[in-house]
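This report covers charge pairing, strand pairing and pockets, in that order. Keep the coordinates open while reading.

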Amino acid sequence: MTFFAGPGEEWSGVDVSGGRLVPQSVALREQFERSSNGRHEIAGDFDHYIVCGFGLAISFPLRLVTHQGDYGWNEYREAVARHVRESVCASILSKLRQITRAPVLVLATPHQPLDSCKSSPLLSNETAHRLAANFHADCAEMAAEHGAVFLPQPVETLAPNGVTTQMQFANASSVPGREDRRHCNADYGAIVMAGILERLSVPT
């Protein structure tokens with residue numbers, strides 16, 4: 001597996017050139033080289049592609065309800081759908097389809113650990129599950145438009161509200177005295193990767 005990493009905002013500047021995805025910033029080019037062990041462009045000859053994150057996160061749909069005003073359900077759904085369609089993830093999928101027809105899986109950013117999320121305590125579990133289902137449907141529709149498949153976060157990693165991650169999968173901070181309020185640990189990664197390999201029918 002070859003891993004191409006970099007800040008999400010930098011990926012918006014990736015262009016298609018010569019049948020490859022080419023970073024336009026020096027910073028992203030350098031991060032590509034470090035994370036992929038020497039590659040600085042994404043070729044179109046991989047067997048499969050996994051696109052993760054790039055602005056595809058449930059945090060926006062949650063904040064829209066809890067911190068950004070009173071929306072009717074139809075207005076809310078339109079706002080979330082627009083956010084998903086206009087995400088960097090959607091842009092990357094569009095560019096990726098210009099260089100390959102290989103299978104593509106799409107994953108959203110992992111939900112925040114339960115104790116770190118400020119929005120979920122303001123929602124009933126019933127409402128939270130409804131928001132999650134709507135978000136997943138929008139992600140699946142957007143992915144399908146690009147010939148890709150959306151994989152929701154594994155159920156066994158979710159907290160009861162369905163929009164945060166169980167604390168046992170929270171990442172321990174590498175900085176003394178500072179809590180990591182966003183990332184998940186290796187146990188979480190192993191569950192996600194098992195689901196990816198099963199979906200791609202790759203022997204483990």
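The structure holds 1 salt bridge, meaning a side-chain nitrogen of Lys or Arg within 4 Å of a carboxyl oxygen of Asp or Glu. The partners are Arg20 and Glu41, with their closest N and O atoms 4.0 Å apart. The pair links distant parts of the chain, 21 residues apart. Arg20 sits in strand 2 (residues 20-22), and Glu41 in the loop between helix 2 (26-35) and strand 3 (42-43). Arg20 is partly exposed because its relative accessibility is 36%; buried means under 20% relative accessible area, exposed over 50%, partly exposed in between (1.4 Å probe, protein chains only).

The model is predicted: local features need pLDDT of at least 70, side-chain atom pairs count only at pLDDT 80 or more, and totals for chains, interfaces and linings use all residues. Residues are numbered from 1 along each chain as its sequence is written, and side-chain values use heavy atoms, with hydrogens and water left out.

**Strands.** Helices (H or I, at least four residues) and strands (E, at least two) are DSSP runs, numbered from the N terminus. Two strands pair if DSSP finds at least two bridges between them. Strand 5 (residues 104-107) points Val104 and Val106 one way, and Leu105 and Leu107 the other. All four residues are buried. Strand 5 runs parallel to strand 4, joined by 4 bridges. It also runs parallel to strand 6 (residues 149-150), joined by 2 bridges. Leu105 is the bridge partner of Ile50. Leu105 also stands opposite Val149 in strand 6.

**Pockets.** On a 1 Å grid over the protein atoms alone, a pocket is an open set of points where a 1.4 Å probe fits, with protein on both sides within 12 Å along at least five of seven lines; lining residues have an atom within 4 Å of a point.

The largest pocket has 38 lining residues, with Phe3, Phe4, Ile50, Val51 and Cys52 nearest its centre. Helix 7 gives the largest share of this lining, 8 residues. The second largest pocket has 17 lining residues. Ser59, Gln112, Cys117, Lys118 and Arg182 lie nearest its centre.
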